[in-house]
Amino acid sequence: MADRILNDFAAVDDIYYALPNIHYFPFDLSPFGLKNLKGDAEVYMPIADPSGYITATVSRPNKGKF
């Protein structure tokens with residue numbers, strides 16, 4: 001997506017992304033007599049708060065000043 005923006009809009013030099021780093025853990029289904037262990041888990045529960053952010057910047061190649 002960033003590549004397309006840079007190709008289509010000459011005025012844009014770089015694009016910055018900041019996305020929440022959300023973790024999901026297997027939900028304990030043992031009280032219901034079901035297995036949902038890490039290796040074969042199918043039901044996951046997100047934690048309440050994001051664990052920081054994952055960031056990235058996509059920029060045009062620097063062509064230099066000379």
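I started with burial: buried residues come to 9% of the 66 residues in this protein. I am working from a predicted model.

Next I checked the overall dimensions. The C-alpha trace spans about 70 × 20 × 20 Å along its principal axes.

Then the fold elements. I count 1 helix and 4 strands, and along the sequence they run α-β-β-β-β. For contacts with a separation of 6 or more, I get 57% from residues 24 or more positions apart.

Surface next. The protein exposes about 6,000 Å², and carbon and sulfur atoms supply 59% of that. I also found a nonpolar surface patch of about 470 Å², made by F27, F32, L34, V43 and M45.

Is N36 buried or exposed? I find N36 in the loop between β2 (24-26) and β3 (44-46), and at 9% relative accessibility it is buried, since the cut-off is under 20%.

What does the side chain of N36 reach? It comes to 2.8 Å from the backbone nitrogen of E42. A polar atom of the N36 side chain also lies 2.7 Å from the backbone oxygen of V43. Leaving out residues up to four places away in sequence, I list P26, F27, L29, A41, E42 and V43 as touching N36. Two of these names, F27 and V43, I had already written down for the nonpolar patch.

Methods:
Residues numbered from 1 in each chain as written. Predicted model: local features only at pLDDT ≥ 70, side-chain atom pairs only at ≥ 80, totals over all residues. Heavy atoms only, no water. Helix = DSSP H or I, 4+ residues; strand = E, 2+ residues; numbered from the N terminus. Buried < 20%, exposed > 50% of the residue type's maximum accessible area, 1.4 Å probe, protein only. Polar contact = N/O pair within 3.5 Å; in protein donor to acceptor, adjacent residues only side chain to side chain. Contact = heavy atoms within 4.5 Å. Patch = residues over 30% accessible without salt bridge, like charges linked within 9 Å, V, L, I, M, F, W, Y side chains within 5 Å. Areas by Shrake-Rupley, 256 points an atom, 1.4 Å probe, with all protein chains shown as cover. Salt bridge = Lys/Arg side-chain N within 4 Å of Asp/Glu carboxyl O.
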